[in-house]
Amino acid sequence: MKKKTIGNIIAFLITAIIVVLCSVFIKTKMADAPNMYFSTFVALLPPLVAIALALITKEVYSSLFTGILLGGLFASNWKIVPALDAVVNDGIIGAVAGTAGIFMFLVILGGMVALINKAGGSAAFGRWAKTHIKSRAGAAVATFVLGVLIFIDDYFNCLTVGSVMLPVTDSHRISRAKLSYLIDATAAPICMIAPVSSWAAAVSEFAEGTGYSGIELFIRAIPYNFYSLLTFVFILGIIFMKFDFGPMKLHEKNAIENGDLFTSGEEAEKVEAEEVNPKGKVIDLILPVVVLVVICILALLYVGGYFAGDDFITAFGNTDATVGLPWGALVAFVLTVIYLMARKIISFKDAMDCIPKGFIAMVPAILILTFATSLKNITGLLGADVFVGDLMNSAAAGLANFLPAIIFVVACILAFSTGTSWGTFGILIPIVAAIFPADSNLLIIGMSACLAGAVCGDHCSPISDTTIMSSAGAQCNHLNHVSTQLPYAITVAAISFVMYLLAAFVQNVYILLPIGVVLTVLTLFIIKVATTKKA
């Protein structure tokens, strides 16, 4: 315990020294600037510091807050009162205001999960799964398939797949770290290649000036989105080749041999056991989930203007998930309460007791999401988007054929640092549109690289909302999830980088995709041989 504390103190001290040295250097260069750190590398320093501290200390709350405080100091030129104003008003209050709808969705969904558990629906599904899903591979594939089917929104995907598949994967001794990886690796990637999704709508907003309509640009980019597509190949390869590597290997070994689904992060393990109704049936889980899916889709369409006369695609392009999802979840929750009470398997008092239980279960995710969004807001004050835009325009001058690969790397770094894929492609899409000619196939490949890099960086980042939701959905310690999935995500990212190097010269998806699949399988085979020899 003492060693861990000393290590944390050393990590904070080293971080402080690095930050002060960088600050002094830039201060001497830009002493007269209104904000001496605006649009410099320091704009990316607060999130990078927060991520480094989180990975070193294994403590996410203080790490994120340190990044927020540091960003506030940078944004105010080291003036204490303006720094506190930036942290509180622009950071935390702005984060709560901007994500209030998602908080509401999380609480309602947490309440619905507690309600279904209390009614015995989850237990009934677990009993059914034990007789129908016979193997660990079968449970993993079922989780993957369900994740692919719920392509409407990544938040919705993470929490729904987690709540439905948790009893199944637990019964087959799949670690919570592996479950959270399966959830995370299908949530954002499937949304990024599904034309009818909140992500497609977000991309459409930034498509002006590209020469294409929003949905046309999104659809044309799908075949070249190597990270999303090859992630699916990677998942299936890991499942059917029956091996793991990196920190995930230890988690899976402990789950299989000892029944320890957590390995570390005991706080995630302490879930109170409660009485459930033995009369619960599988339909008591399936029906509420189906109702939730249908009503959330209708709510998203309603918010987008479908019922006011807009067509389906336009409505999805104009919708707001932070409004539509809580709207749909609230209606679905009320209908679920009525249904379960009509079945006489739960009382009204028990149903209402599930609301605070759902809120309590989601408090860690809400706190992390608040801090992560605050950090993103502070990074915006420092002009991270301007800094990255200048870098991209500089690279465009003499590296035209390598630009797709460069765009992919820049998008990865930006999304990893800021924790937002939407913010990343919001920054980069206009830049990419300006770099390539409108009639060039390289424009589509460049856009795909931008979207793929945004997903990849978001997938790797511990401050990403999707990563946080995946941890919450699988009831997994957040830093366990981050550390175990990082080697997997980086492996697919490396393959995708090679594919974007090739894409600049080949520009034929029918040739590129088979090469990508072969490279992924071959990489997995080499890793399996290497890890088996070490064992």
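Welcome to this predicted model. After that, we turn to a cavity.

**How H21 and H23 pack**

- Helix H21 covers residues 441-460 and helix H23 covers residues 478-506.
- The axes of H21 and H23 lie 9 Å apart, at an angle of about 170 degrees.
- Because angles over 145 degrees count as roughly antiparallel, H21 is roughly antiparallel to H23.

**The cavity**

- How many cavities of 30 Å³ or more are there? The count comes to 1.
- The largest cavity holds about 100 Å³ of space.

**What lines the largest cavity**

- Three helices, H5 (100-119), H8 (154-171) and H14 (283-304), each contribute at least two residues to the lining of the largest cavity.
- Which helix gives the most to this lining? That is H5, with 5 residues.
- The lining residues are Leu109, Met112, Val113, Ile116, Asn117, Ser122, Thr160, Ser163, Val164, Leu285, Val289 and Leu292.
- Sorted by class, the lining of the largest cavity has 8 nonpolar and 4 polar residues, with no charged residues.

Notes. Residues numbered from 1 in each chain as written. Predicted model: local features only at pLDDT ≥ 70, side-chain atom pairs only at ≥ 80, totals over all residues. Heavy atoms only, no water. 1 Å grid on protein atoms, 1.4 Å probe; cavity = no way out; pocket = protein on both sides within 12 Å on 5 of 7 lines; lining within 4 Å. Points joined across faces, edges and corners; volume = space filled by probe spheres on them. Helix = DSSP H or I, 4+ residues; strand = E, 2+ residues; numbered from the N terminus. Nonpolar A, V, L, I, M, F, W, Y, C, P; charged D, E, K, R; others polar. Axes fitted to C-alpha atoms, helices over the stretch in contact; angles between N-to-C directions. Parallel < 35°, antiparallel > 145°, perpendicular 65-115°, else oblique.
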